[in-house]
Amino acid sequence: MEDKGAKLGIFCTAPAVRNTPANLLCEIIATIMLIVPVFALTSKAVAVPAGKVPYMVGILIWGIGLSLGGPTGYANPARDLGPRIAHAILPIAGKGGSDWGYAWIPREGPFIGGVYAYYIALAAGILK
């Protein structure tokens, strides 16, 4: 028997444990943990040597992925929405559903987290 979940997993993310409030909260926190440091690294108040910001952001993304990526499958809109649409459209034998009930979490969680991150950075004086 073919594994429909494995076929879907090739295209998009899925949570390790399906708990909608916890999955959404994890996405929000992960986005805040990414965006606030990126605001700080790119602000004029922090003197980061030329060429170091991309490296530091890469390490930051790696660390966030290792620590917070497990519960939601390291999801983000770019890795989830487009491939999920492709899964829905492509004629794959025995593919099963595209799990649209979960698709909003990797899309809305980062959006909400980005809004919170902006206001956190604004309150902290990182953005002026």
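The lining of the largest pocket comprises 11 nonpolar residues, five polar residues and one charged residue. The structure is a predicted model.

**The largest pocket**

- The volume of the largest pocket is about 270 Å³.
- Its lining consists of 17 residues, and A30, L34, I64, Y74 and A75 are those nearest the centre.
- Both α2 and α3 (52-68) contribute at least two residues each to this lining.
- The greatest contribution comes from α2, which supplies six residues.

**The residue T13**

- T13 is located in the loop that runs between α1 (4-11) and α2 (20-42).
- T13 counts as buried because its relative accessibility is 3%, and the cut-off for buried is under 20%.
- A polar contact of 2.6 Å joins the side chain of T13 to the side chain of D80.
- Leaving aside residues up to four places away in sequence, T13 touches T72, G73, Y74, A75, R79, D80, R84, Y102 and P106.

**The cysteines**

- A disulfide is a covalent bond between the sulfur atoms of two cysteines.
- Zero disulfides are found in a search of the whole structure.
- For C12, the closest cysteine sulfur belongs to C26 and lies 17 Å away, which is too far for a bond.
- For C26, the closest cysteine sulfur is in turn that of C12, at 17 Å, so a bond is ruled out by distance.
- C12 has a relative accessibility of 6% and therefore counts as buried.
- C26 is likewise buried, its relative accessible area being 11%.

Methods:
Residues are numbered from 1 along each chain as its sequence is written. This is a predicted model: local features need pLDDT of at least 70, side-chain atom pairs count only at pLDDT 80 or more; totals for chains, interfaces and linings use all residues. Side-chain values use heavy atoms; hydrogens and water are left out. Helices (H or I, at least four residues) and strands (E, at least two) are DSSP runs, numbered from the N terminus. Buried means under 20% relative accessible area, exposed over 50%, partly exposed in between (1.4 Å probe, protein chains only). A polar contact is a pair of N or O atoms within 3.5 Å; within protein, one must be able to donate a hydrogen and the other to accept it, and residues adjacent in sequence count only if both atoms are side-chain atoms. Contact means heavy atoms within 4.5 Å. A disulfide is a pair of cysteine sulfur atoms within 2.5 Å. On a 1 Å grid over the protein atoms alone, a cavity is a set of points where a 1.4 Å probe fits but cannot get out, and a pocket is an open set with protein on both sides within 12 Å along at least five of seven lines; lining residues have an atom within 4 Å of a point. Grid points are joined across faces, edges and corners, and a volume is the space filled by probe spheres set on the points. Ala, Val, Leu, Ile, Met, Phe, Trp, Tyr, Cys and Pro count as nonpolar, Asp, Glu, Lys and Arg as charged, and the others, Gly among them, as polar.
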